[in-house]
Amino acid sequence: MLQDFLQTNVFLFMLLFLRVGTAIIVMPGIGDGFVPNRIRLFFALGFTLVILPPLTPLLPAKMPGPGLFLTLLVTEGLIGYFIGMIGRILAMALDTAGMLISIQSGLSNAQLFNPSLQSQGSIIGVFLVLSGILMMFVTNMHHMLLAGVFNSYQSFPVGAILDTEGMLQTILQVIAMSFEIGFHIAAPFLLVITVIYIGMGVLNKVMPQMQVFMIALPLQILLSLIMLAGVMGAGLMYWIGHLQDGADIYYQVGIEGRAR
């Protein structure tokens, strides 16, 4: 009896840890590249131990055979990746907005290492991403991301046949939402800089001998930095508000991609 008890609990822990660990590694904030791997591992282990008792009734009572066991592990990994990817795509809205702002401000060639994505990114995009991650923790939005992992066992029961088409539709919906959020944050810069381009084009026609580029570029950068200082707070709050809407999808896990 003791052996069966240990085998069953180890099996249940492995199922939970695979989904939770995969989601935490991918999700923003806790799963960002600047967080050490050991911290992410220990956090996933601790969170799995916390949610194991209340989720035990929703898990298989007995350990299945080797074939079904491997199938369950693969399925749990896919579900965890799907859950974490939703949050990651929503966080990428700030990087999209930063890239658009950098292009409009003339700073697109100024690249920095983005510790959150472990890759090169625009200087404004890196600043917005790090500021957004800070805002996410300050507003306790990461609690909803973790709650989404917990509630996923209602929408995606262990052993259920996944509706992969619905999951892909949910991912596409979140991608469209992310691009829309990034475009809206960068909209003031797109509008103002376009007006400046039009004015400089008219000035170049009126005074062809004037070096318009030498005048336009410093003005473009200065005006963009002033606008960034003025609208950054509103842009981050706008992102947080829409992150809450996206977190509702995350929280319910599968409005469009629910398991059958």
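Student: What kind of model is it, and how are residues numbered?

Tutor: This is a predicted model, where local features need pLDDT of at least 70, side-chain atom pairs count only at pLDDT 80 or more, and totals for chains, interfaces and linings use all residues. Residues are numbered from 1 along each chain as its sequence is written, and side-chain values use heavy atoms, with hydrogens and water left out.

Student: How many salt bridges are there?

Tutor: Two. A salt bridge here is a side-chain nitrogen of Lys or Arg within 4 Å of a carboxyl oxygen of Asp or Glu.

Student: Why would such side chains pair at all?

Tutor: Side chains of opposite charge can pair when their charged atoms come close.

Student: Which residue does arginine 19 bridge to?

Tutor: Arginine 19 pairs with glutamate 76, and their closest N and O atoms are 2.8 Å apart. Arginine 19 is in helix H1 and glutamate 76 is in helix H3, so the bridge ties together parts 57 residues apart in sequence. Helices (H or I, at least four residues) and strands (E, at least two) are DSSP runs, numbered from the N terminus.

Student: Are those two buried or exposed?

Tutor: Arginine 19 and glutamate 76 are both buried. Buried means under 20% relative accessible area, exposed means over 50%, and partly exposed is in between (1.4 Å probe, protein chains only).

Student: What does the charged end of arginine 19 sit over?

Tutor: The ring of tyrosine 153, at 3.9 Å from its centre. The rule is that NZ of Lys or CZ of Arg must be within 6 Å of the ring centre and within 35 degrees of the ring normal.

Student: And which residue does arginine 88 meet?

Tutor: Aspartate 32, at 2.8 Å from N to O. Arginine 88 lies in helix H3 and aspartate 32 in the loop between H1 and H2, so this pair joins parts 56 residues apart in sequence. Arginine 88 and aspartate 32 are buried too.

Student: New topic: how many aromatic pairs?

Tutor: Three. One of them is phenylalanine 43 with phenylalanine 47, which is stacked, at 6.4 Å centre to centre and 0 degrees between the planes. Rings of Phe, Tyr and Trp (its six-membered ring) pair if their centres lie within 6.5 Å; planes under 30 degrees apart are stacked, over 60 edge-to-face, and the rest tilted.

Student: Where do those two phenylalanines sit?

Tutor: Phenylalanine 43 and phenylalanine 47 are both in helix H2 (residues 37-55), four residues apart, about one turn of the helix. Phenylalanine 43 is partly exposed at 31%. Phenylalanine 47 is buried at 16%.

Student: Why is the pair of phenylalanine 82 and phenylalanine 156 called edge-to-face?

Tutor: Their planes are at 70 degrees, with ring centres 5.9 Å apart, so the pair is edge-to-face. Phenylalanine 82 is in helix H3 (residues 66-105) and phenylalanine 156 is in the loop between helix H5 (141-155) and helix H6 (164-206), so the pair ties together parts 74 residues apart in sequence. Both are buried.

Student: How many residues are in the largest nonpolar core?

Tutor: The largest core has 61 residues, and Phe82, Leu94 and Trp239 are among those with the most contacts inside it. H3 gives the largest share, 15 residues. There is also a second, separate core of five residues, including Ile193 and Val212. A nonpolar core is a set of buried Ala, Val, Leu, Ile, Met, Phe, Trp, Tyr and Cys residues joined through side-chain atoms within 4.5 Å.

Student: Back to single residues. What is the phi of asparagine 140?

Tutor: Near 60 degrees, a positive value in a residue other than glycine. Most residues other than glycine have a negative phi. Asparagine 140 lies in the loop between H4 and H5, and is partly exposed at 40%.

Student: Last one: how far apart in space are glutamine 169 and proline 66?

Tutor: They are 32 Å apart, C-alpha to C-alpha, and 103 residues apart in sequence. Glutamine 169 lies in helix H6 and is partly exposed at 39% relative accessibility.
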